[in-house]
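My entries follow in the order of looking.

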Amino acid sequence: VPALAVVVILPLLALGACSSDAGTTGAASSAGPLRVTASDSACQLSDPTVPAGRTTLDITNSGKEVTEVYVYAGDKVVTEKENIGPGTSAQVAVDLAAGTYEVACKPGMVGNGIRTELTVRP
């Protein structure tokens with residue numbers, strides 16, 4: 001009988017170890033991707049405010065020029081995605097602490113770009 005208990009209990013313990021917390025969110029995750037639409041004359045965000053933690057920028061270039069997208073904290077580059085061709089999309093993930101940032105879309109990949117403020121809340 002003890003051997004039978006081991007045969008029944010061990011597989012159940014192994015199944016319990018396979019459980020996942022994929023459905024839960026912690027402080028390091030955001031509500032979803034932040035859509036950035038870059039054109040030759042605008043840099044639009046789907047939401048000007050996001051929660052702190054990991055944020056995925058889902059970038060679409062609707063312009064006619066190759067573009068790049070940067071996230072700045074003051075003068076410091078936090079993340080960047082370059083060479084996004086016209087009519088194409090790209091993604092980049094970044095961990096953002098609470099504060100104020102700027103998202104810059106740079107049509108033609110030159111200059112300071114078109115900047116839009118992004119607020120990251122705690």
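I began with S1 and S2, which run antiparallel and are joined by three bridges; I take strands as DSSP runs (E, at least two residues) numbered from the N terminus, and I call two strands paired if DSSP finds at least two bridges between them. Within this pair I find Val36 opposite Leu45 in S2.

I note for all entries that this is a predicted model, in which local features need pLDDT of at least 70 and side-chain atom pairs count only at pLDDT 80 or more, while totals for chains, interfaces and linings use all residues. Residues are numbered from 1 along each chain as its sequence is written, and side-chain values use heavy atoms, with hydrogens and water left out.

I then turned to the core. The largest nonpolar core has 21 residues, and Val36, Val103 and Leu118 have the most contacts inside it; such a core is a set of buried Ala, Val, Leu, Ile, Met, Phe, Trp, Tyr and Cys residues joined through side-chain atoms within 4.5 Å, buried meaning under 20% relative accessible area, exposed over 50% and partly exposed in between (1.4 Å probe, protein chains only). Among the strands that each supply at least two residues of this core are S1 (34-38), S8 (99-105) and S9 (114-121), but the largest share, four residues, comes from S7. Leaving out residues up to four places away in sequence, I list Val36, Leu45, Val69 and Leu118 among those that Val103 touches, contact being heavy atoms within 4.5 Å.

Last, I looked up the salt bridges (a side-chain nitrogen of Lys or Arg within 4 Å of a carboxyl oxygen of Asp or Glu), of which the structure holds two. In one, Asp95 meets Arg54 with the closest N and O atoms 3.1 Å apart, linking strand S7 to strand S4 across 41 residues of the chain. Arg54 is partly exposed, at 40% relative accessible area. The other joins Arg115 and Glu102 at 3.0 Å, N to O, and I place Arg115 in strand S9 and Glu102 in strand S8, 13 residues apart. Arg115 is partly exposed at 32%, and Glu102 is partly exposed at 32%.
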